[in-house]
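This report describes the fold of one protein chain for a reader who is new to structural analysis. Please consult the sequence and the structure while reading.

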Amino acid sequence: MSDDGHERNGQGHEQVPSRQRRRFAGISSRAYEHPADRSALVALRKLSGFDTVFKALSGLLPERSLRLLFLSDSVRVSDQQFAHLNDSLRDACHILDLEKVPPMYVTQDPQPNAMCIGLDEPIIVVTTGLVELLDEEEMRAVVGHEVGHALSGHSVYRTVLLFLTSLAVKVAWIPLGNLAVLAIVTALREWFRKSELSADRAGLLVGQDLRASMRGLMKIAGGNHLHEMNVDAFLQQAEEYEAGGDLRDSVLKILNVLPRSHPFTTVRAAELKKWSESRDYQRIMDGHYPRRAKDKDTSVGDSFKESAASYASDVKASKDPLMKLVSDIAGGAGGLGGRVRRGFDGFTSAPPPKGAPPQDEE
């Protein structure tokens with residue numbers, strides 16, 4: 001170490017130490033989990049046949065084979081390989097107080113992606129496309145995102161989702177068999193999209209740099225062209241996406257997102273920014289957060305009520321035409337018939353039948 005306190009490597013080049021980040025000793029995943037994540041998981045577990053399928057798959061999934069596959073055909077992150085990723089991984093586990101550091105692999109794939117899978121123990125996998133796309137701070141948020149999945153226990157359900165997605169193709173020819181699998185796959189995808197919002201929050205807690213998290217999401221959406229992109233304009237897209245169009249567009253949004261495992265990147269960015277400005281986030285940063293030691297005392301009913309309250313608040317504040325209609329119905333607003341017809345105007349141009357009563361008006 002030099003006299004000024006900076007470390008130098010073997011070639012004499014200065015290595016400026018990373019800035020200090022807050023550590024959250026004993027933090028529970030409840031601190032950062034999105035209420036929609038928890039409620040979707042509760043709904044998933046109540047899905048008819050899910051418990052039976054889950055228990056059966058837990059004994060059938062080739063866990064050991066999966067680990068051997070990555071060990072044999074990917075690069076395991078360590079002090080000797082992808083050392084900067086190894087530093088980020090250990091740092092993320094230290095900040096979120098995850099005692100056992102999960103194995104992490106880099107696999108050759110030009111598509112930017114990362115995942116946390118495994119039944120008995122989580123494994124983190126990142127693609128070369130992602131490693132080449134993101135800078136150190138952006139990657140730190142991604143690694144924190146995956147460690148958040150591990151801390152929340154998401155890897156088990158993610159592994160089941162991957163297996164069932166493959167199984168759905170193989171059993172497509174079986175009468176009714178595919179419908180049962182597709183129902184569970186659809187429910188799993190709905191939960192996983194919500195779990196991504198939770199993991200984004202964990203990534204922010206690890207990186208503690210909102211701009212880096214935003215840049216990473218922008219790059220995933222638009223590639224490595226930061227000089228051509230703007231965070232504020234990117235967030236404006238999310239607002240336009242949510243508020244724009246009519247009820248037809250609201251339906252199309254739902255249809256577009258159903259086959260996806262991840263929410264749209266602009267939506268993720270807007271959700272993360274909103275949380276970063278919330279009192280909940282500030283309380284965590286100030287050291288006030290739920291502890292893991294008290295997880296066993298947490299009521300499932302209370303979590304579900306919290307989720308329901310969050311959904312109601314989101315619906316009320318939403319600018320989406322369909323959500324505004326739902327809010328109005330819940331509030332007992334009058335003249336909804338005309339609003340619904342106008343919202344879907346264009347699906348049919350057929351004139352009303354003769355003698356039909358006048359349409360409702362606001």
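## A residue of the core

Leaving aside its neighbours within four places in sequence, which residues is Leu96 in contact with? In this predicted model, Leu96 touches Phe24, Ile27, Gly144, Val147, Gly148, Leu151, Ala202, Leu205, Val206 and Arg292.

Leu96 also belongs to the largest nonpolar core, a set of 45 residues. Leu96 is among the core residues with the most contacts inside it, together with Phe24, Ile27, Val126, Met139, Val147 and Leu205. Helix α6 supplies the largest share of this core, with six residues. Another core lies apart from it and has 13 residues, including Leu41, Leu161, Leu188 and Trp191.

## The chain as a whole

The chain contains 16 helices and six strands. It has 362 residues, of which 42% count as buried. Its accessible surface comes to about 20,000 Å², and carbon and sulfur atoms account for 55% of that area.

The contacts can also be described by separation along the sequence. Among those between residues at least 6 apart, 71% join residues at least 24 apart.

## Helices α6 and α9

Two packed helices are described by the angle between their axes and the distance between the axes. For helix α6 (residues 136–152) and helix α9 (residues 210–222), the axes come within 8 Å and cross at roughly 90°. Angles of 65 to 115 degrees count as roughly perpendicular, and α6 and α9 are therefore roughly perpendicular to each other.

On the α6 side, the contact is made by Glu137, Glu138 and Ala141. On the α9 side, Ala212, Ser213, Arg215, Gly216 and Lys219 take part. Sorted by class, this contact has four charged, two polar and two nonpolar residues.

## Helices α9 and α12

Helix α9 also packs against α12, with the axes 9 Å apart and an angle of about 170° between them. Angles over 145 degrees count as roughly antiparallel, so α9 is roughly antiparallel to α12. From α9, the contact involves Leu210, Ser213, Met214, Leu217, Ile220 and Ala221. From α12, it involves Thr265, Arg268, Ala269, Leu272, Lys273 and Ser276. The residues of this contact divide into seven nonpolar, three polar and two charged.

Thr265 lies in helix α12, which spans residues 265–276. Is Thr265 buried or exposed? Its relative accessible area is 17%, and residues under 20% count as buried, so Thr265 is buried. Not counting residues up to four places away in sequence, Thr265 touches Leu217, Ile220, Ala221 and Phe234.

## Two residues with positive phi

Most residues other than glycine have a negative phi. Phe82 is a residue other than glycine with a positive phi, near 50°. Where does Phe82 lie? Phe82 is placed in the loop between β3 (75–76) and α4 (83–95). Its relative accessibility is 31%, and the partly exposed class runs between the buried limit of 20% and the exposed limit of 50%, so Phe82 counts as partly exposed.

Asp97 likewise has a positive phi, near 60°. Asp97 is found in the loop between α4 and β4 (104–107).

Conventions
Residues are numbered from 1 along each chain as its sequence is written. This is a predicted model: local features need pLDDT of at least 70, side-chain atom pairs count only at pLDDT 80 or more; totals for chains, interfaces and linings use all residues. Side-chain values use heavy atoms; hydrogens and water are left out. Helices (H or I, at least four residues) and strands (E, at least two) are DSSP runs, numbered from the N terminus. Buried means under 20% relative accessible area, exposed over 50%, partly exposed in between (1.4 Å probe, protein chains only). Contact means heavy atoms within 4.5 Å. Axes are lines fitted to C-alpha atoms, for helices over the stretch in contact, and angles run from 0 to 180 degrees between N-to-C directions. Angles under 35 degrees count as roughly parallel, over 145 as roughly antiparallel, 65 to 115 as roughly perpendicular and the rest as oblique. Ala, Val, Leu, Ile, Met, Phe, Trp, Tyr, Cys and Pro count as nonpolar, Asp, Glu, Lys and Arg as charged, and the others, Gly among them, as polar. Accessible areas come from the Shrake-Rupley method with a 1.4 Å probe; for residues, only the protein chains shown count as cover. A nonpolar core is a set of buried Ala, Val, Leu, Ile, Met, Phe, Trp, Tyr and Cys residues joined through side-chain atoms within 4.5 Å.
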